[in-house]
Amino acid sequence: MKDGKQEFAQIVFPVAVAHAFTYHIPERFLEDVISGVRVLCPFGTRKATGFVVGRSDTTEISQLKEIEEVLDPVPLFTPQVLELARWIAEYYLCGWGEVLKAALPSGIHIDSERVVRLMHSKPDELAQYLEERSPTQADIVRRLAGENPMRISKLVKNLGKNVYSPLKQLREKGLVRLELELPGAKVQAKYEYVLQLDEKYSPDDIGRMIHNLQTTAPKQAAILAMLLDSASNDLTRSDVCRYTSAKSAVVTALAEKGYIRVEKREVYRDYYSELVVEPPPKLILNVDQQKALDAIKTSQDTHRFDTILLHGVTGSGKTQVYIDAIDYALGQGKSAIVLVPEIALTPQTVRRFRAHFAEKVAVFHSRMSPGERYDSWRKTWEGKHKIVIGPRSAIFSPLKNIGLIIVDEEHEPSYKQGDITPRYHGRDIAVVRGQVENAVVVLGSATPSLESYFNALVGKYQLLLLPARIDDIPMPQVQLVDMRHEPKVEGRTDPLIFSRALRHKIDEKLSNSEQVILFLNRRGFATMYKCHSCGHLEKCNNCEITMTYHLRGHLLKCHYCGHTRRAPEVCPECRGVDVLLKGIGTQRVEEELNLLFPGVKALRMDMDTTKGRMAHDRVLGKFGSGEYSILLGTQMVAKGLDFPNVTLVGVINADTELLLPDFRSAERTFQLLTQVAGRAGRKDKLGEVIIQTFSPDHYSLQCAREHDYARFFKAELFDRRGLLYPPYSRLINVMFKGIDEKRVIAVAEQLSKLLPRTETYRVLGPTQAQLSKIQNNYRWQMLIMSDKQNDAGGREMKQALRDALEAFKSKHHSTKVQISVDVDPLSIL
């Protein structure tokens with residue numbers, strides 16, 4: 001340790017390693033290496049980007065590698081996000097660095113560069129002032145006067161000296177600003193060139209220039225005339241060149257003559273830049289809303305962590321409560337995060353929040369380009385946004401001084417990341433971040449997850465209720481149709497799609513110029529392509545899954561790996577030509593609609609029709625404007641939509657989720673049916689819902705018909721208690737995947753043997769997974785179940801698995817078998 005400075009840094013990398021690595025800090029970086037910045041370090045046989053998570057003045061390691069470069073001028077992570085990421089790593093049994101990598105926008109963690117921007121308007125005077133006080137600072141200012149902004153790496157190369165300390169001093173004085181840039185990366189800042197007439201010329205001077213240039217340089221004259229006529233005198237080079245048909249060299253010539261100034265400006269990309277936002281109407285909360293808001297404000301006034309479950313029926317006005325609570329947080333000088341399921345992040349949702357909070361709102365979602373996501377993240381990091389709205393990853397937003405975190409539709413399974421590491425649950429991480437930030441967390445839902453409602457009943461969460469719709473609009477009337485008793489259509493062998501009741505109701509609504517939403521959570525035309533003669537089923541070459549037939553293109557598609565091929569005209573087994581198309585998808589329903597209701601405009605909304613940019617928004621816009629009478633879709637139509645003219649919702653088949661061999665299938669069925677039913681009967685029109693099913697007596701459907709969450713909760717809880725499923729236990733699903741099934745089985749059994757059996761937890765398996773092969777990988781799984789009465793937090797279970805994994809790595813090599821650990825899985829398929 002030199003002069004009391006800590007010379008060693010603890011660094012984590014985005015790898016599946018639980019501990020940090022210690023590196024020596026070169027003297028030139030002693031002031032730059034702080035927690036939250038990224039550094040470039042030798043790591044094994046390569047150089048890798050790591051995250052600094054701490055410093056120390058001693059180490060027991062004798063030979064240390066050195067940090068080679070500091071990649072960030074200031075920390076990318078607040079101390080709270082660093083602490084949150086460490087908790088996630090420990091809880092979900094993954095690497096701390098893996099979590100930090102996931103917390104950044106894609107692309108930023110690879111090749112970002114530090115850029116310094118001069119903020120002073122008179123660089124010559126500033127350099128002269130600094131010359132005697134700090135020659136290096138003066139040199140920096142002179143360099144920036146010629147190129148602003150400039151990469152710090154280029155500045156170091158040009159000056160040939162240490163610039164880090166002088167830069168830090170200039171930044172502390174507010175004379176320069178350090179920024180992030182990704183030159184050569186997939187994501188980087190976007191710039192445009194703005195043209196302005198030079199201030200030293202009057203309009204008359206410009207007029208004479210235009211006259212003189214008319215014959216010798218007409219393009220230059222046209223550009224000057226355009227700038228002179230512009231009210232803003234502030235046009236982009238691309239616009240000017242496009243309107244005058246001039247090349248950029250013409251602009252350069254004018255700049256060299258000193259007639260115009262060309263300024264490089266950064267352009268912030270906004271996915272919703274063209275979204276029309278009208279002033280919000282003045283709404284008065286009803287008694288229940290006001291009571292809920294007052295309770296949330298009371299918690300906010302304590303400036304301490306609290307978790308609130310807001311259980312409100314569909315249409316009860318939860319969103320307005322959120323908005324008023326956010327407004328209260330802003331009034332306290334706080335910021336807010338709003339998590340929304342990706343599928344519910346519609347233009348309606350964004351428009352409503354931006355109507356109230358304008359440019360304070362940043363939005364994140366997967367339909368945005370990488371550049372748009374990067375710009376939203378960077379503006380938030382710079383403190384230009386106070387509210388972030390987005391799916392699960394938005395919980396890592398670099399907001400400071402967070403006072404409120406809202407998780408809308410907290411029951412949604414899309415909050416759980418189950419495909420890649422870290423396999424975290426956005427709702428649960430929201431609660432932990434609220435605890436770290438001393439913020440109030442509001443979980444909202446019409447159909448709360450069993451875990452959240454259970455936590456509320458035992459006093460872990462505060463429970464607030466919105467039991468009725470706004471303006472006392474009645475809940476929609478729900479009718480269950482038993483499809484077992486529906487007569488078959490004479491002469492047709494394909495499955496019946498529309499019951500008599502649903503056909504009659506659609507006719508009735510259309511004759512009244514009202515709109516209809518039809519829901520089926522299966523896309524494509526038919527779910528099976530089967531030979532009638534020999535029974536051969538067309539399966540995916542890569543997965544143990546039947547392929548779905550898509551009408552357009554006569555294609556068979558696997559909805560798990562994406563494999564596509566032409567549907568055969570004859571059976572490859574028996575050469576038969578009699579093909580059965582089993583099962584119903586949205587394409588088949590669309591075809592039937594055209595037959596039953598000719599001339600009626602219907603719009604299909606699923607992954608096949610919403611692939612293009614803004615396609616999701618265009619579909620909803622067409623339906624919302626009344627251009628189409630029927631909206632048919634998958635779960636995309638079940639959430640986040642509010643169309644006042646929709647008076648009927650039809651569920652084509654309620655059994656698709658119910659029949660899955662998963663302990664949450666009944667819960668998901670009840671939630672999905674309740675949510676989609678809530679799309680009917682807003683404003684002043686009574687809603688009706690028709691649910692077609694082959695299981696009308698199942699309690700999840702019966703409770704959905706009566707809008708009875710309490711009864712469903714009680715029935716489902718009874719089943720869970722008997723089988724010791726959550727919320728009475730904690731689960732870990734260990735999945736083994738590889739192309740060699742024998743090797744997969746061997747690895748699964750080796751790890752299982754290393755896991756001790758105790759009375760605290762049970763180990764089920766290893767056994768073949770329900771989806772036994774996906775993307776050419778055979779899948780086996782092992783389920784570990786811990787009773788909360790014996791191990792409330794699952795610590796003993798997780799420690800035993802952590803020890804077993806470490807022992808396995810030291811004894812065996814499984815490079816050809818992937819082992820993934822999913823703590824608190826939402827599905828065990």
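Figure 1. L754 is partly exposed, with a relative accessible area of 23%; buried here means under 20% relative accessible area, exposed means over 50%, and partly exposed is in between (1.4 Å probe, protein chains only). Helices (H or I, at least four residues) and strands (E, at least two) are DSSP runs, numbered from the N terminus. Leave aside the neighbours within four places in sequence, and L754 is in contact with A804, A807, F808 and K811, where contact means heavy atoms within 4.5 Å. One of these partners, A807, sits 53 residues away from L754 along the chain, yet the two C-alpha atoms are separated by 7.4 Å.

A quick note on what you're looking at: this is a predicted model, where local features need pLDDT of at least 70 and side-chain atom pairs count only at pLDDT 80 or more, while totals for chains, interfaces and linings use all residues. Residues are numbered from 1 along each chain as its sequence is written, and side-chain values use heavy atoms, with hydrogens and water left out.

**Figure 2. The whole chain, before zooming back in.** The protein chain comes to 26 helices and 33 strands. Its radius of gyration is 31 Å, close to the 28 Å that the globule rule gives for 829 residues, so the chain is as compact as a globular protein of that length. (The radius is taken over C-alpha atoms, and the rule is 2.2 Å times the number of residues to the power 0.38.) Along the principal axes, the C-alpha atoms fill a box of roughly 90 × 75 × 65 Å. Buried residues make up 54% of the 829. Take the contacts between residues at least 6 apart in sequence, and 75% of them join residues at least 24 apart. The chain exposes about 37700 Å², with carbon and sulfur atoms supplying 49% of that; areas come from the Shrake-Rupley method with a 1.4 Å probe, and for residues only the protein chains shown count as cover.

**Figure 3. An open sheet of four strands.** The order is β31-β32-β30-β33, and the pairing is antiparallel. At the edges are β31 (761–774) and β33 (818–823), each pairing on one side only. On average, neighbouring strands of this sheet are turned by 20 degrees against each other, direction ignored; axes are lines fitted to C-alpha atoms, for helices over the stretch in contact, and angles run from 0 to 180 degrees between N-to-C directions. Two strands pair if DSSP finds at least two bridges between them, and β31 has eight with β32 (residues 777–787). For Y761, the bridge partner in β32 is S786.

**Figure 4. Helix α20 and its cover.** In α20 (residues 615–624), the buried residues are A615, H616, D617, V619, L620 and F623. Their cover includes α14 (347–357), β20 (515–519), β26 (602–605), β27 (630–633) and β28 (646–651). Just after the helix, G626 takes a positive phi of about 90 degrees.

Figure 5. Q137 lies in helix α5 (residues 135–146) and counts as buried, at 2% relative accessibility. Not counting residues up to four places away in sequence, Q137 touches L130, P166, Q169, L170 and K173. P149 is in the loop between α5 and β7 (150–151), and the peptide bond from N148 to P149 is cis, with omega near 5 degrees.

Figure 6. Most residues other than glycine have a negative phi, and most peptide bonds are trans. The peptide bond from T421 to P422 is cis, with omega near 0 degrees; P422 lies in the loop between β16 (402–408) and α16 (426–437). D471 has a positive phi near 60 degrees, and D472 has one of about 55 degrees although it is not a glycine. D471 counts as exposed at 69% relative accessibility, and D472 counts as exposed at 65%.

**Figure 7. Cysteines without a bridge.** The structure holds zero disulfides, a disulfide being a pair of cysteine sulfur atoms within 2.5 Å. The sulfur of C534 has its closest cysteine sulfur in C571, 3.6 Å away, which is too far for a bond. C534 is partly exposed, with a relative accessible area of 40%, whereas C41 counts as buried at 0%.
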